[in-house]
Amino acid sequence: SFIGLAMNKLADDQFSENTGWKPLFFKATVPFRQRSPYLDVSYFLLFSGLETYVRRTLGDLDSPDVARLISKRLSQLGFDIHTYRPNDLKRSADTYARLRNALFHNSSLETTRRTKHGTVVNYKLLDYYANFQILVSLVVVRALGFDHPRLHWDSWITMQQ
């Protein structure tokens, strides 16, 4: 039923225009199709697809705070994600946005953040990539309206099916 639903939505240009689902779908599948995937390219495609989807569905193409937009939209879809959660950085959309910015602007797979207490937190893309890839895949499924009782929607954190 998921494949049928996905094929119908891929053929629905109005749905894609309104939601950005088609770019999300194709950008989410490229990392799986690459013979020798490049981490930076794969991450950028995943983030770009997610950002397109989030911005179109929220009707906000201009806000510079993409972490807030991601957490807002994904929370609406039922994901336990926050804009910034210092005690659980994998659930912080800010983590993924910071890594995208470091990658895009500095060609770096790492970045840092100074907390309000002055502590420096290090972020390494390799520590978060698998979680993010699973999250984006789940968003592709959830954005279609697909649900199944055996789907574990928090598997992007638990790494368990």
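This is a predicted model: local features need pLDDT of at least 70, side-chain atom pairs count only at pLDDT 80 or more; totals for chains, interfaces and linings use all residues.
Reader: What about the overall size, and how does the radius of gyration fit with a compact globule?
Author: The radius of gyration is 16 Å, which agrees with the value near 15 Å that a compact globule of 161 residues would have. Taken along the principal axes, the C-alpha atoms fill a box of roughly 50 × 35 × 35 Å.

Reader: Now the inside: which residues touch the most other members of the largest nonpolar core?
Author: Those are Trp21 and Phe79, in a core of 44 residues. Helix 1 (2-11), helix 3 (21-33), helix 4 (39-58), helix 5 (66-76), helix 6, strand 2 (120-124) and helix 7 (125-143) each supply at least two residues of this core.

Reader: Which of the elements gives the most?
Author: Helix 7 gives the most to this core, with 11 residues. As a general point, nonpolar side chains in soluble globular proteins tend to be buried together.

Reader: Staying with phenylalanine 79, what is it in contact with?
Author: Leaving aside neighbours within four places in sequence, phenylalanine 79 is in contact with Leu74, Leu135, Leu138, Val139, Arg142, Trp153 and Trp156.

Reader: I was also looking at leucine 99; is that one buried or exposed?
Author: Leucine 99, which is found in helix 6, is buried, because its relative accessible area of 1% is under the 20% cut-off. Not counting residues up to four places away in sequence, leucine 99 touches Tyr43, Leu109, Thr111, Tyr123, Lys124, Leu125 and Tyr128.

Reader: How far is leucine 99 from threonine 111?
Author: Their C-alpha atoms are 6.5 Å apart in space, and the two residues are 12 apart in sequence.

Reader: Then phenylalanine 32: buried or exposed, and what does it touch?
Author: Phenylalanine 32 sits in helix 3 and counts as exposed, because its relative accessibility of 56% is over the 50% cut-off. Apart from neighbours within four places in sequence, phenylalanine 32 is in contact with Gln133 and Ser137.

Reader: Let's turn to backbone angles; what is the phi of serine 107, and where does that residue lie?
Author: Phi of serine 107 is near 50°, a positive value in a residue other than glycine. Serine 107 lies in the loop between helix 6 (93-106) and strand 1 (110-114), and at 68% relative accessibility serine 107 counts as exposed.

Reader: What about the phi of methionine 159?
Author: Methionine 159 is not a glycine either, yet it has a positive phi of about 60°. Methionine 159 lies in the segment after helix 8 (155-158) and is partly exposed, with a relative accessible area of 41%.

Reader: Where is glutamine 161, and which residues is it in contact with?
Author: Glutamine 161 is found in the segment after helix 8 and counts as exposed at 87% relative accessibility. Beyond neighbours within four places in sequence, glutamine 161 is in contact with Arg150 and His152.

Reader: Last one, where is proline 86?
Author: Proline 86 is in the loop between helix 5 and helix 6, and is exposed, with a relative accessible area of 53%. The C-alpha atoms of proline 86 and glycine 4 are separated by 40 Å, and these residues are 82 apart along the chain.

Key:
Residues are numbered from 1 along each chain as its sequence is written. Side-chain values use heavy atoms; hydrogens and water are left out. The radius of gyration is taken over C-alpha atoms; the globule rule is 2.2 Å times the number of residues to the power 0.38. Helices (H or I, at least four residues) and strands (E, at least two) are DSSP runs, numbered from the N terminus. Buried means under 20% relative accessible area, exposed over 50%, partly exposed in between (1.4 Å probe, protein chains only). A nonpolar core is a set of buried Ala, Val, Leu, Ile, Met, Phe, Trp, Tyr and Cys residues joined through side-chain atoms within 4.5 Å. Contact means heavy atoms within 4.5 Å.
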